[in-house]
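Subject: the model you asked about

Hi,

Have it open while you read.

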Amino acid sequence: MKIKVAAVQMNSLNNDYDGNLSRAEGHIKDAISKEAKLILLPEFALVGYEFTDSIWKMAEPLEGRTYTWMKGLCGRHNVYIGTCILENYEGDFYDTFILVGPGEDALWVHRKIEPASYEAFFFKGAGMNANVFDTPIARIGVVICLDATKTRTVSSLV
């Protein structure tokens, strides 16, 4: 099956969740108008990419506000959307990729395996965890940033 994929490039402002969400939604709707079925946003697209203590207020649970927003768009437009969130899980923080689709059980999750040196001050690495997902539209593999330099991560995609 062939599907159209959209990779969004957008300006993300630090600590401007609502503004970033508005900009992202515009790009998503543009991709939908061009019949994209899989739409991918940049890492931390909605929170920005600033490593200061202000980042903590941008953290959210796995099924928090970003998931809820994505789930609504996916359901209305029958698409799949992916991005990374700063996940707050049991008091620890992770760079977590979430892929959301239409339907009840349409959530796939991959936590960044190993943060880069400076990132380790702000979130944890999750170690090896699933990064290839069988979805209704395709088999989808995920690698986040530094993890792409690791043989074990790339091998799992093959």
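First, a term for later: I call it a salt bridge when a side-chain nitrogen of Lys or Arg lies within 4 Å of a carboxyl oxygen of Asp or Glu. This is a predicted model, so local features need pLDDT of at least 70 and side-chain atom pairs count only at pLDDT 80 or more, while totals for chains, interfaces and linings use all residues. Residues are numbered from 1 along each chain as its sequence is written, and side-chain values use heavy atoms, with hydrogens and water left out.

**Salt bridges**

There are 11 salt bridges in the structure. In one of them, Asp-92 pairs with Lys-124, with 3.5 Å between the closest N and O atoms. Asp-92 sits in strand β4 and Lys-124 in the loop between β5 and β6 (132-134), so this pair ties together parts that are 32 residues apart in sequence. My cut-offs are under 20% relative accessible area for buried, over 50% for exposed and partly exposed in between, using a 1.4 Å probe and protein chains only.

Arg-111 and Glu-87 also form a salt bridge, with their closest N and O atoms 2.9 Å apart. Arg-111 is in strand β5 and Glu-87 in strand β3, 24 residues apart. Both Arg-111 and Glu-87 are buried.

Lys-150 and Glu-114 meet in another, at 3.6 Å from N to O. Here the loop between β7 (139-141) and α3 (151-157) supplies Lys-150, and the loop between β5 and β6 supplies Glu-114, 36 residues apart. Finally, Glu-43, Asp-95, Lys-112 and Glu-119 are linked in a salt-bridge network.

**The sheet**

Five strands make an open sheet in the order β1-β2-β3-β4-β5, with mixed pairing; two strands count as paired if DSSP finds at least two bridges between them. β1 and β5 (107-111) are the edge strands, each pairing on one side only. β3 and β4 (residues 92-100) run antiparallel over nine bridges, and Glu-87 stands opposite Tyr-94 in β4. Helix α2 packs on the sheet and touches β3, β4 and β5, where contact means heavy atoms within 4.5 Å.

**Cysteines**

How many disulfides did the search find? Zero, across the whole structure, taking a disulfide as a pair of cysteine sulfur atoms within 2.5 Å. Cys-74 is buried, at 0% relative accessibility. Cys-145 is in no disulfide either, with the nearest cysteine sulfur, that of Cys-84, 9.1 Å away. Cys-145 is partly exposed at 46%.

Cheers

How values were computed:
Helix = DSSP H or I, 4+ residues; strand = E, 2+ residues; numbered from the N terminus. Axes fitted to C-alpha atoms, helices over the stretch in contact; angles between N-to-C directions.
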